[in-house]
Amino acid sequence: MNLKVFLQVFGIIAVVLSILPFIPFDFWWIRSFDFPHLQLTLLTLVALLVYFIRFDIKSVQDYILVVVLLSCFIFQALKIYPYTIFSKYEVLEASNTTHPKKISIYTANVLQDNDDGVDLVSSIKKRDPDILLFTETNEKWRKTLSQDLGKDYAFKVEVPLENTYGMMLYSKHPLFNSKVMFLIEDTIPSIKSQLILASQDTLQLLAIHPAPPVPQHNPSSVDRDAEMMKVAKFSKESRFPVIVMGDFNDVAWSETTKLFQRVSGLLDMRKGRGLFNTYNADNILLRWPLDHIFVSSEFRVISVGKGENVGSDHFPFYTEISYEPEGKEDQKLEPPTKDELSRAFDQVKNEQKQED
């Protein structure tokens with residue numbers, strides 16, 4: 001196969017991969033193409049440049065291929081653009097980096113089979129966050145983290161499991177009305193808890209780790225999408241400011257996460273600041289943002305970043321935010337439309353039908 005034919009075949013593949021995520025089916029092999037938009041954007045740009053440099057654009061076939069590649073590149077780039085430094089912030093910057101009502105959060109999928117917690121503990125102690133969320137924690141991890149961090153974090157909710165869906169929430173601030181929920185499956189927990197700041201303000205925390213759409217666990221995205229929509233509903237109805245965090249097993253630009261944001265009204269601090277790809281720590285070519293911290297409009301960003309490699313297949317994700325409810329109208333999202341609410345309800349209903 002010569003280079004021109006290869007690029008023509010790639011152009012066809014690029015079109016197919018761009019269209020697939022819009023097909024209204026929940027099969028894992030379709031939903032998985034939500035993930036590699038950054039990689040596909042770069043590959044399409046390279047193919048376009050190679051075609052311009054290597055060949056003269058003369059025939060109708062050449063023009064068609066160039067238009068196709070350019071269209072795919074623009075489409076893919078527009079999906080990624082909000083998560084670049086060229087876009088505007090969705091969560092505005094804090095009015096003061098030493099704001100009296102600030103809170104720091106550190107989330108990490110520890111990888112259940114990771115036997116070395118030294119790097120993780122070292123990373124946490126370096127940042128000294130107020131809230132810790134760990135996913136994929138079993139009893140071994142509970143003992144390790146409790147021993148190394150327990151003295152600094154007096155308030156905790158621990159749900160160690162051996163199925164890679166264990167979860168632990170640690171806090172320096174008081175937690176109350178804490179509840180372990182099994183929203184979709186009785187083997188996959190989420191945590192709902194209220195937190196009291198030193199200023200006596202109450203916040204609502206939600207920690208989730210929905211199952212990914214993969215053939216070995218669930219061949220469709222129905223369960224993941226339904227769990228996210230249930231959490232979106234909790235967030236929308238909360239009378240307290242909300243923070244939702246965890247390993248979503250979904251990228252920020254997918255149709256599901258966008259709908260989650262629209263229904264919940266929560267904001268994405270990545271927008272305007274960077275991708276902060278947390279997965280896959282083991283493969284630099286296949287990375288995308290799976291771990292998230294979404295906040296309601298009462299919060300502003302002081303800092304946000306990706307942690308160092310801690311032996312897991314995920315990088316940690318952390319942020320420091322300020323609680324500034326007086327400015328919430330400056331960054332509040334428009335309410336969801338009836339169609340968006342209907343789509344969210346349908347995703348929950350689809351999961352219930354599948355369960356029946």
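The report below covers a helix pair and a sheet.

## Basis

This is a predicted model, in which local features need pLDDT of at least 70, side-chain atom pairs count only at pLDDT 80 or more, and totals for chains, interfaces and linings use all residues. Residues are numbered from 1 along each chain as its sequence is written, and side-chain values use heavy atoms, with hydrogens and water left out.

## Helix 3 and helix 4

Helix 3 (residues 37–54) packs against helix 4 (residues 60–80) at about 150 degrees, with the axes 9 Å apart. Helices (H or I, at least four residues) and strands (E, at least two) are DSSP runs numbered from the N terminus; axes are lines fitted to C-alpha atoms, for helices over the stretch in contact, and angles run from 0 to 180 degrees between N-to-C directions. The two helices are therefore roughly antiparallel (angles over 145 degrees).

Contact means heavy atoms within 4.5 Å. Among the contact residues are Leu45 and Leu48 of helix 3 and Leu69 and Phe73 of helix 4.

An open sheet with mixed pairing is formed by 6 strands in the order 3-4-2-1-12-11; two strands pair if DSSP finds at least two bridges between them. Strand 3 (155–159) and strand 11 (299–306) are the edge strands, each pairing on one side only. The twist averages 10 degrees from one strand to the next.

Strand 1 (residues 102–109) and strand 12 (residues 317–323) run antiparallel and are joined by 6 bridges. Ser104 has Glu320 of strand 12 as its bridge partner.

## Helices on the sheet

Helix 5 (residues 118–127) packs on the sheet, and its direction makes about 170 degrees with that of strand 1. Helix 6 (residues 139–149) lies across strand 2, strand 3 and strand 4 (167–171), at about 10 degrees to strand 4.

Terms used
Parallel < 35°, antiparallel > 145°, perpendicular 65-115°, else oblique.
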